[in-house]
Amino acid sequence: MSSTETADAARARVVSETIKAYDIRGLVGEQLDAAFVRDVGAAFAQLLIGEQGGVPANGVVVGHDMRESSPELSDAFAEGVTSQGVDVVKIGLASTDELYYASGALDAPGAMFTASHNPARYNGIKLCRAGASPVGQDTGLDEIAALLDQGPGAAAGAEPAAQPGTITERDVLADYAEYLRGLVDLSGVRPMSVVVDAANGMAGHTVPAVLDPLPIEVYPLYFELDGSFPNHEANPLDPDNLVDLQREVSTLNRVDAGLAFDGDADRVFLVDEKGQAVSPSAITALVATRELAKEPRGTVIHNLITSRAVPEIISEAGGTPVRSRVGHSFIKATMAQTGAIFGGEHSAHYYFRDFFRADSGMLAALHVLAALGEQDKPLSELMAQYSRYAASGEVNSTVDDPQAKIAEVEQTYGDREDVTTDTLDGLTVTFANGDWFNLRPSNTEPLLRLNVEASDADAVAALRDEVLAVVRG
């Protein structure tokens, strides 16, 4: 807080800076501290009490990742929850999808302390209602922000409950692992070997519990839980963070695949036996066909950045593809509305109806390993049938006025007879030959994110450069 900033103004600034579209996230000490997080816990309890007309019967489940600040912050949150008369069930160290499992299995709201793939100096809170139903900006975070804006202390001055809630501890890791294995038929898989890069994140905690009972030899890479991320960032979306995994897979003989998890292990990226990255769109298509084999004519959600091969393959498998905006709250809401059996995003988030409509990198990995182990082809050949087009990946541009640039790009292409446009999420321009690009603003930064897909790499490069000439001109 600056010398001229009042306490109320500082509080309002922290609330606005930390409460994002999908979660609460910020710098430890500067934005998130025990006092602030204690108030978040109390505000979350008040939100639940107001919605249910009383104290939630099964309390609130609280888990945390391996960051140095996570135990203290999760304890403070629990104090805030119990101050309002609501019980807390602590599950301790957990991946985010393990917390979602606990929320679903125990039919209780949940809070996961993690900043996912962000650097060590960050932390955050992912909130959900009972059954792992997401709490986002339009579904509860705005109400929590309003309570916090009223001032510090037991969430905006609310009186402590006459009877505070209790705190109990429960280990759900074994139950989580068994539940996941029960969702995928692994009975017929051949013996396999995989390299797993946990990036010193929570996969080092969950992978042994899930994979050890299976005929899969695991070569662990960075399994030591360390929230300082001493080896590389826990963000496998950045190709630089796949280098160690790719080298290890290429060096070892007869390794079938490589898995890379992010910090809270709710996302997984794969490399094939040659060390080449596998597109998350191809994984989405593969898992979709497996789920559709169990439930023919089912609905599958894909966000608008995934390859157009995804809806094509879903349709060919007898399913109904439904296009969604980017972001887990939109995917989960659309799944609930349509009864979809599965959903996938270009960012390697994979959502399963039978996993409480929540995302699980581990469950997606089990599907890939099951598909690989049921036949004798290497992963590169298995995935080739799901990869049809070339893509740019996400190309970011810093601009002063993202919306003005989107309007300029729309004007550039909007009058052409060979294109169609839509504005479901940013601007998508689709050409008559099937090539397309999407340009959308970042939720948190003055960035425009460009994704291009075309028939081949040369066509991708040409279209990418053409759009960037307008964006950066």
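Trainee: How many residues lie between β11 and β12 in their hairpin, and which residue in the turn has a positive phi?

Mentor: Five residues lie between the two strands, and Gly275 in the turn has a positive phi of about 85°. Before we go on, a word on the source. This is a predicted model, where local features need pLDDT of at least 70, side-chain atom pairs count only at pLDDT 80 or more, and totals for chains, interfaces and linings use all residues. Residues are numbered from 1 along each chain as its sequence is written, and side-chain values use heavy atoms, without hydrogens or water.

Trainee: How do you know that β11 and strand β12 (residues 277-278) pair?

Mentor: Count the bridges. Two strands pair if DSSP finds at least two bridges between them. Two bridges join β11 to β12, and the strands run antiparallel, so the pair meets the definition. Val271 stands opposite Ala277 in β12. Strands themselves are DSSP runs of E with at least two residues, while helices are runs of H or I with at least four; both are numbered from the N terminus.

Trainee: What joins strand β10 (residues 257-261) to β11?

Mentor: Four bridges, with the strands antiparallel. Leu259 has Leu270 in β11 as its bridge partner. The hairpin of β10 and β11 has six residues between the strands, and there Ala265 takes a positive phi near 60°.

Trainee: Which residues of strand β11 (residues 268-271) point which way, and are they buried or exposed?

Mentor: Val268 and Leu270 point one way, Phe269 and Val271 the other. All are buried. Buried means under 20% relative accessible area, exposed means over 50%, and partly exposed lies in between (1.4 Å probe, protein chains only).

Trainee: How do the directions of α1 and α5 relate to each other, and why?

Mentor: The axes of helix α1 (residues 7-18) and helix α5 (residues 137-149) cross at roughly 165° and come within 9 Å. Axes are lines fitted to C-alpha atoms, for helices over the stretch in contact, and angles run from 0 to 180 degrees between N-to-C directions. Angles under 35 degrees count as roughly parallel, over 145 as roughly antiparallel, 65 to 115 as roughly perpendicular, and the rest as oblique. So α1 and α5 are roughly antiparallel to each other.

Trainee: Which residues in α1 meet which in α5?

Mentor: Arg11, Ala12 and Val15 in α1 meet Ala145, Leu148 and Asp149 in α5. Contact means heavy atoms within 4.5 Å. By class, the residues of the contact of α1 with α5 are four nonpolar, no polar and two charged. Ala, Val, Leu, Ile, Met, Phe, Trp, Tyr, Cys and Pro count as nonpolar, Asp, Glu, Lys and Arg as charged, and the others, Gly among them, as polar.

Trainee: How do the directions of α10 and α11 relate, and why?

Mentor: Here the axes of helix α10 (residues 280-294) and helix α11 (residues 309-316) cross at roughly 15° and come within 9 Å. So α10 and α11 are roughly parallel to each other. Ser281, Thr284, Ala285, Ala288, Thr289 and Leu292 in α10 meet Val310, Ile313 and Ile314 in α11. The contact of α10 with α11 has six nonpolar, three polar and no charged residues.

Trainee: What covers the buried residues of α11?

Mentor: The cover includes α10, β13 (299-303) and β14. Among the buried residues of α11 are Ala309, Pro311 and Ile313. Just after α11, Gly318 takes a positive phi of about 90°.
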